[in-house]
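Visitor: I have just opened this entry and would like a short tour. Could you take me through it step by step?

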Amino acid sequence: MKNRKYLMAAAGTFLLLILGTFFAWSLYRVYVNDLFPKFTATQLSLNFSLFVVIFCLGSLLAGVLSKKLGCHTIILISAVLIAVGTIITNMMFSFEDSAALTVLYVGYGGFCGFGVGMSYNAILSGVGKWFPDRSGFISGLLLTGYGMGSLVCGTVVSFFADRIGFPPAFLWSSLIIAAAIAALSFLFRKTPETQISGGAESGLTTAQILKTPTLWFHFLFSLFAGGVGLMVINSAALIAIYFGIAAVLGLMVSLFNGFGRIVSGMIFDRLRSKSIYVVVGMGFASAILLISAHGTGSVVLMFAGMLIAGMSYGSSMSVTAALTREFYGTKHYAPNFAVITLAGIPSSFMGPYISGRLQDASGGDYLTTFYAMLVFAALALICAVGVSVTRKKLPRF
């Protein structure tokens, strides 16, 4: 049984790693912009925002269907959706600007986003059941794979895109990913026995948590804390170019995105709910460093600020997932986590979309974006305090 759970952890981490490829949009958009120079920063940012919105809806549906279909079936369905989305996305290169943009939104933002969201929830909930006593660690480990996907797999796609062109590189890499997801989905047929956790699962239903103020502070914390990092992640490659370094170096933010997830997961196992203040601190640090880098022109400060922004976003994801088990129990984890994941919908617009609008309004300058990050960090702090105050009324699990 012990060997089985480590196999599940390895498989889950690998699957989330390759799924994280689709978060390499900040690099992909450079290639798309070269092929379609009339696309604005706002239009390209909107694709990522749409992807995150549909991703959240896919995660929600996976949570609702988890007990009826099981993780295996949900992951298999997601593989089909990703394959269909990939084929549709690749069709955009046969159209003119306006039509191509619509096809991009439908394929990448719609089908791929929905498929990735479904797998994301199913994998986290399915593997998490094997580690009931180390929720922070396993959430961090799985999300590390997810966070590093855009760096590892995105770099591979970039390597081939520079040699054979972006359209075929994206098409074949994404289809291979879909096939791998389908092939490994069978591992999720088996679930752990209840004696692993020492008894039957317990926890609040989704209807019950919706009536608690903790849920809403938790939701808003996830929204604002995630928004800090998304402002940078969405434009990481372009920010790197703005400061005079290679675009691919901007994807280093994904490395720290992943690093932050496992580190914050381990911190959570020690500090529990207080770990949210570590996430808030990262948000403030990244914003201040980037503002300073803009004023001084320092590439070192810029790089440090971007990397910490990646850690901030990764940590917010890991801590949010772990807090869901801590606050509301394990019995209804999949649908409860899906509700929290919905914070990604407004976050995706209030992060990447606002960043794109600010960039367009300022003629390509990023200073206003960095100040917006500071505001989001302050709002995240207010919500973190709300979580600390209200969670005392929740039952213990």
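Visitor: Which residues does Ser315 touch, not counting those up to four places away in sequence?

Guide: Ser315 touches Gly260, Arg261, Ser264, Val279 and Met282 when residues up to four places away in sequence are not counted. Contact here means heavy atoms within 4.5 Å.

Visitor: What kind of model is this, and how are residues numbered?

Guide: This is a predicted model, in which local features need pLDDT of at least 70, side-chain atom pairs count only at pLDDT 80 or more, and totals for chains, interfaces and linings use all residues. Residues are numbered from 1 along each chain as its sequence is written, and side-chain values use heavy atoms, with hydrogens and water left out.

Visitor: Back to Ser315: where is it found, and is it buried or exposed?

Guide: Ser315 is found in helix α12, and at 0% relative accessibility it counts as buried. Buried means under 20% relative accessible area, exposed means over 50%, and partly exposed lies in between, with a 1.4 Å probe and protein chains only. Helices (H or I, at least four residues) and strands (E, at least two) are DSSP runs, numbered from the N terminus.

Visitor: How many helices and strands does the chain have?

Guide: The chain has 15 helices and zero strands. Of its 397 residues, 58% count as buried.

Visitor: And what share of the contacts join residues at least 24 apart?

Guide: The share is 85%, taken among contacts in the chain between residues at least 6 apart in sequence.

Visitor: What else lies in helix α12?

Guide: Ala321 is one of the residues in helix α12, and it counts as buried at 0% relative accessibility. Leaving aside neighbours within four places in sequence, Ala321 is in contact with Ser139, Leu143, Tyr333 and Phe337. The C-alpha atoms of Ala321 and Ile340 are separated by 8.4 Å, and these two residues are 19 apart along the chain.

Visitor: How many residues of helix α13 are buried?

Guide: Helix α13, residues 333-341, is mostly covered, as nine of its nine residues are buried. Among them are Tyr333, Phe337 and Ile340, and Tyr333 and Phe337 are also contacts of Ala321.

Visitor: Changing topic: how many salt bridges does a search of the whole structure find?

Guide: The search finds one salt bridge. The term stands for a side-chain nitrogen of Lys or Arg within 4 Å of a carboxyl oxygen of Asp or Glu.

Visitor: Which residue does Glu326 pair with, and what does the pair tie together?

Guide: Glu326 forms the salt bridge with Arg391, and the closest N and O atoms are 3.6 Å apart. Glu326 lies in helix α12 (residues 299-328) and Arg391 in the segment after α15 (367-390), so the pair ties together parts that are 65 residues apart in sequence. Glu326 and Arg391 are buried.

Visitor: Now α3 and α6: at what angle do their axes cross?

Guide: The axes of helix α3 (residues 41-90) and helix α6 (residues 166-184) cross at roughly 170° and come within 8 Å. Axes are lines fitted to C-alpha atoms, for helices over the stretch in contact, and angles run from 0 to 180 degrees between N-to-C directions. The two helices are therefore roughly antiparallel to each other. Angles under 35 degrees count as roughly parallel, over 145 as roughly antiparallel, 65 to 115 as roughly perpendicular and the rest as oblique.

Visitor: Which residues meet there?

Guide: Residues of α3 including Ala79, Ile82 and Ala83 meet residues of α6 including Leu175, Ala178 and Ala182. Ala178 is buried, with a relative accessible area of 5%, and leaving aside neighbours within four places in sequence, it is in contact with Ala79, Ile82 and Ala83.

Visitor: Lastly, where is Ser185 found?

Guide: Ser185 is found in the loop between α6 and α7 (206-209), and it is buried, with a relative accessible area of 2%. Leaving aside neighbours within four places in sequence, Ser185 is in contact with His72, Ile75 and Leu76. Ser185 and Thr73 are 112 residues apart in sequence and 7.6 Å apart in space, C-alpha to C-alpha.
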